[in-house]
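Please look at the sequence and the structure before reading on.

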Amino acid sequence: MEALVTLAGGMMSFIIGLIVVLLIIFLATGSIYVVKQQTNYIIERFGKFHKVALPGLRIKIPIVDRIAKKVPLRIMQLDSVVETKTKDNVFVTIPVSVQYQVQSVADSYYRLANPERQIQSYVYDRVRTSLAKLDLDDAFSSKDQIAQDVETTLSAAMNAYGFAIINTLVTDINPDPTVRASMNSINAAQREREAAISLAEAEKIKIVKQAEADAEYKRLQGEGIAAQRKAIVDGLVEQYESLRDAGIGAEAQEMLLLTQYFDTLQEVAKASNTQTLMLPSNPGGVNDAMTELRNSLFTAVKAGEQRPAPAPEPRAMRPQQ
């Protein structure tokens, strides 16, 4: 009997010791915890906020303290798709990405139950308000302004709840497929119109430049012809003066004309493809021309013979011996 009592007492002591060991292990494991980098823990004591546990090895009182929330401090992104319409009643869908970060750990947990839903509500409201003031064409060119408006509104609203808005991106504006096809057709027609205008302007410039070149060519050609005629007249005047000095007076003009006539015939004969020969119109014109040339030459020779001989040079007087 005493052996049974001793055995029962030993078993009881073993059970009690095991319970104590298990209790110590439980208390030890429940009081020691590790907070990871870029994370904060909200610790409550008896259901009331106690502290914010920073990264590292931490201790809390079991049963008394508990981890209420593990709050990440990294930048998070919330993607939303807003369906709205523009000022010209075109329905569009706009993807909006909001990057935010927790600044006040306690306020982010206790003051706002669902921060993602709250951010989306502000995004919807701000985007719809901004798009209602813009036409579709203006909306495409104002994406950055819309994103700036959303970011300004979110920053002012979410700062009170312990969140900081890092960046807001309006990644695209997607109208209805029918509207998109119509816009492409309009853009294609505008580009064709601009191309036609450009081609017409180029053709206009080409015509104007060609006209200017023709005018310049004709001006220079006229100056050349005028200079040529002036040179011819000066040559004729010089020849006429030479003939007059030689004693050929009245017949000088006829002789010059005849000389010009034969010079013209010579130039015509030099051309290999000449098929035209200038001759007097009457049948006896060639004989008349030859007679006029012969008479002109005879007149010139006769005028040279009748020219008074130059006076003899005076001889030097020899001295008498």
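The largest nonpolar core of this predicted model has 32 residues. A nonpolar core here is a set of buried Ala, Val, Leu, Ile, Met, Phe, Trp, Tyr and Cys residues joined through side-chain atoms within 4.5 Å. Buried means under 20% relative accessible area, exposed means over 50%, and partly exposed lies in between (1.4 Å probe, protein chains only). The residues with the most contacts inside this core are Ile94, Val96, Ile119, Val123, Val127 and Leu154. At least two core residues come from each of β5 (65–72), β6 (76–85), β7 (91–102), α3 (115–131), α4 (136–141), α5 (143–158) and β8 (163–170). Helices (H or I, at least four residues) and strands (E, at least two) are DSSP runs, numbered from the N terminus. The strand β7 gives the most to this core, with 6 residues. In soluble globular proteins, nonpolar side chains tend to be buried together.

Apart from neighbours within four places in sequence, Val96 is in contact (heavy atoms within 4.5 Å) with Leu78, Asp79, Ser80, Val82, Val123, Val127, Thr168, Leu169 and Val170. There is also a second, separate core of 5 residues, which includes Tyr33, Val35, Tyr41 and Ala53.

Residues are numbered from 1 along each chain as its sequence is written, and side-chain values use heavy atoms, with hydrogens and water left out. Local features need pLDDT of at least 70 and side-chain atom pairs count only at pLDDT 80 or more, while totals for chains, interfaces and linings use all residues.

**Strand pairing**

Two strands are said to pair if DSSP finds at least two bridges between them. Strands of a sheet pair through backbone hydrogen bonds, either parallel or antiparallel. The table lists antiparallel pairs, each with one pair of facing residues.

| Strands | Bridges | Facing residues |
|---|---|---|
| β1 and β4 | 4 bridges | Val34 and Leu57 |
| β2 and β3 | 5 bridges | Ile42 and Val52 |
| β6 and β7 | 10 bridges | Thr84 and Val92 |
| β7 and β8 | 7 bridges | Gln101 and Ala164 |
| β7 and β9 | 2 bridges | Val92 and Pro175 |

Three strands form an open sheet in the order β3-β2-β5, with antiparallel pairing. Its edge strands are β3 and β5, each of which pairs on one side only. From one strand to the next, the twist averages 25°. For such angles, axes are lines fitted to C-alpha atoms (for helices, over the stretch in contact), and the angles run from 0 to 180 degrees between N-to-C directions.

In a regular strand the side chains alternate between the two faces of the sheet. In β1, Tyr33 and Val35 make up a covered face, whereas Ile32 and Val34 make up an uncovered one. Tyr33 and Val35 also belong to the second core.

**Loops and turns**

How many residues lie between β6 and β7 in their hairpin? There are 5, and Asn89 in the turn has a positive phi of about 60°. Thr86 lies in the loop between β6 and β7, and it counts as buried because its relative accessibility is 3%. Leaving out residues up to four places away in sequence, Thr86 touches Val92, Leu131, Leu134, Asp135 and Leu136.

Gln38 has a positive phi of about 60° although it is not a glycine. This residue, Gln38, sits in the loop between β1 (32–35) and β2 (39–45). Is Gln38 buried, exposed or partly exposed? Its relative accessibility is 34%, so Gln38 counts as partly exposed.

Phe46 is another residue other than glycine with a positive phi, near 55°. The loop that holds Phe46 runs between β2 and β3 (48–53). Phe46 is exposed because its relative accessible area is 67%.

**Confidence**

The predictor's confidence in each residue is its pLDDT, from 0 to 100. The mean pLDDT of the protein is 78, and 69% of its residues reach 70 or more. Where is confidence lowest, and where is it highest? Confidence is lowest in helix α8 (residues 285–305), at a mean of 56, and highest in β2, at 93. Over residues 309–321 pLDDT stays under 50, and the model has 0 contacts beyond four places in sequence for them.
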